[in-house]
Amino acid sequence: MSTFNFNRFVVFILLVIFSMIIPGVSISEALDNSKFYTLSPSENSSGLWSIDPSTGATSLVTPITLPDGSTPNFMTNALAFSPNNELYGWDTARKQLYNINYTTGQINYIGSQGTDAAPQFVNGLAFDKQGTLYGLVGGNINQGAAPSTLYSINTSTGALSPVGNSYVNTSHNSLAVDFESGGLLSITGGTNSPNYLLQVNPDAQPVLNDTFSSNTSGNYSWSTSGSGTGYSWNSAGYITMDGYGGAWVPASVTARGNIDMPSSGYAKIDFNISTNGDGQSRLIFSLLEDADNYFKFVLTDTTYGSSGYTQRAEKTVNGVSEFTSMAGSLNTGSYSWEMWWNPTNLRMDLNGTTVQNIATADATIIDPVLFDFTVYRFIGNWDSVKVDPGIAEIIDELGIRYNGIGSEFDPGTGKLYAVRDNNVLYSININTGEETEIGILGNGVSTVNLAHPWPQTPVVPEPISIVLFISGGAVLGIRSLRTKNQL
């Protein structure tokens with residue numbers, strides 16, 4: 001007959017009491033909050049792995065399986081933990097969101113907008129503090145492709161909703177959450193463009209959006225001129241002209257204010273030209289920082305100047321100009337003019353067709369402070385103007401090209417970590433952009449995704465007096481019961 005061990009029983013009761021009072025304590029904690037996690041589809045290292053951020057050493061957590069028990073055969077560019085540490089990823093083959101049980105390794109598909117509607121490559125996933133899941137879909141504006149787009153993703157259905165565009169030229173994007181501030185961070189990647197550390201703001205709003213019903217908009221005021229012979233500019237954005245003869249001064253409008261224009265962004269102007277003058281009628285659209293640094297488009301109705309251009313895109317950095325020109329003419333009619341700009345690229349579309357596109361290896365960031373357009377000998381109506389900064393703000397240029405990147409924030413060190421070339425781990429100072437190589441990932445792990453568990457705020461335990469009262473009462477009760485049984 002087994003002997004009742006009173007002391008062991010008391011210890012067991014105390015453990016039960018403490019586990020009830022302090023629910024954050026568990027004998028078998030599944031996640032290590034000091035490590036990163038990655039899903040590697042490589043043939044030799046397929047599985048869910050943990051990564052030591054100090055050395056790059058890896059350890060297999062569990063093999064991964066599909067719902068039917070088979071081994072996955074797809075590339076996952078993005079992985080993220082939710083604030084309650086559920087793990088999500090994106091299947092590039094099925095174009096679907098999934099979650100993964102990090103104990104068993106089973107992948108469970110959630111869904112998407114459909115095979116045709118959903119993007120194939122979601123290059124970054126991250127949750128904010130409110131539990132909203134965001135994903136970045138890459139773009140490359142200097143090659144005529146759509147800019148990279150930030151989406152919010154419904155974790156119940158997998159449906160994607162566009163939030164805003166990034167106008168920074170890139171072909172790959174990672175996405176990470178700063179666990180301390182709750183802000184989103186991104187790294188651009190690619191072998192043909194500079195790489196940047198970005199702050200991503202899902203709530204970014206257009207800097208300027210005016211229909212010219214008045215001369216004010218937000219923090220900007222529109223200053224106008226046009227006192228030259230025969231010209232006038234009214235508050236509705238309409239240029240009138242009495243005659244073509246005599247000396248004339250261009251009519252112009254300039255946006256000036258107490259906030260800067262974005263260093264990368266998008267601008268659109270809708271206008272209608274009813275009459276142009278006796279040749280050399282021109283529209284000039286400019287983003288200016290100062291006399292030595294600016295972006296400019298010049299549209300004309302005929303050949304202008306010794307260089308013989310009719311349309312011209314110009315980027316000037318430190319007084320050195322780079323421009324392209326293109327034959328053609330700007331005649332009367334309705335126009336939708338669009339411009340994309342960032343530190344290395346400048347692109348112009350007219351009525352949906354790209355007519356100018358210049359790029360430069362000079363990565364000097366122009367920080368425009370005003371937006372200006374000037375009218376020479378055109379009579380027309382300017383319906384609206386919009387300047388959109390996009391959802392990405394450049395923090396710093398990175399010296400290394402992070403092609404095939406995955407990145408995640410580490411609350412332990414306060415740094416961002418990234419995987420370059422699928423197997424080299426780097427840390428990045430999010431304030432300066434300084435990069436430090438950690439090492440090659442162990443066990444032959446190849447990956448383009450990183451995820452870090454959210455730090456779990458410990459539940460404040462009840463006062464120790466209550467703990468002692470409950471545990472002491474339990475012990476006294478057990479001793480009393482034991483005494484009675486011995487009588």
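Predicted model: local features only at pLDDT ≥ 70, side-chain atom pairs only at ≥ 80, totals over all residues.
1. **Overall make-up.** The protein chain holds two helices and 36 strands. Of its 487 residues, 49% count as buried. Among contacts in the protein chain with a separation of 6 or more, 61% come from residues 24 or more positions apart.

2. **The three-strand sheet.** Which strands form it, and in what order? The order is β1-β2-β3. The sheet is open, and its pairing is antiparallel. β1 (36–40) and β3 (58–62) stand at the edges. Each has a single partner strand, so one side of each is left without a neighbour in the sheet. From one strand to the next, the twist averages 35°.

3. **The β1 and β2 pair.** Strand β2 covers residues 47–51. Five bridges join β2 to β1, and the two run antiparallel. For a place to start on screen, take Phe36. Opposite Phe36 stands Ile51, in β2.

4. **Asn99.** This residue sits in strand β6, which spans residues 96–100. Is Asn99 buried, partly exposed or exposed? Its relative accessibility is 23%. Buried would require under 20%, and exposed over 50%. Asn99 therefore counts as partly exposed.

5. **Neighbours of Asn99.** Leave aside residues up to four places away in sequence. Asn99 then touches Leu87, Tyr88, Gln106, Ile107, Asn108 and Ile110.

6. **The four-strand sheet.** A second sheet to inspect is also open, with the order β33-β34-β35-β36. Its pairing is antiparallel. The edge strands are β33 (406–410) and β36 (435–440). Each of these pairs on one side only. Ignoring direction, neighbouring strands of this sheet are turned by 25° against each other on average.

7. **Pairs within that sheet.** β33 pairs with strand β34 (residues 415–420) over five bridges, in the antiparallel sense. Here Gly406 has Val419 of β34 as its bridge partner. Strand β35 (residues 424–428) pairs with β36, also antiparallel and over five bridges. In this pair, Tyr426 is bridged to Glu437 of β36.

8. **The β35 and β36 hairpin.** How many residues lie between the two strands? There are six. In this hairpin, Gly433 takes a positive phi near 80°.

9. **The largest pocket: size and centre.** The space in the largest pocket is about 290 Å³. Its lining is made up of 16 residues. Those nearest the centre are Pro262, Ser263, Pro389, Ala392 and Glu393.

10. **The largest pocket: lining.** Which strand gives the most to the lining? Strand β32 (residues 392–398) does, with three residues. Ala counts as nonpolar and Glu as charged, so Ala392 and Glu393, both among the residues nearest the centre, belong to separate classes.

Note on methods: Residues numbered from 1 in each chain as written. Heavy atoms only, no water. Pairing = 2+ DSSP bridges. Axes fitted to C-alpha atoms, helices over the stretch in contact; angles between N-to-C directions. Buried < 20%, exposed > 50% of the residue type's maximum accessible area, 1.4 Å probe, protein only. Contact = heavy atoms within 4.5 Å. 1 Å grid on protein atoms, 1.4 Å probe; cavity = no way out; pocket = protein on both sides within 12 Å on 5 of 7 lines; lining within 4 Å. Points joined across faces, edges and corners; volume = space filled by probe spheres on them.
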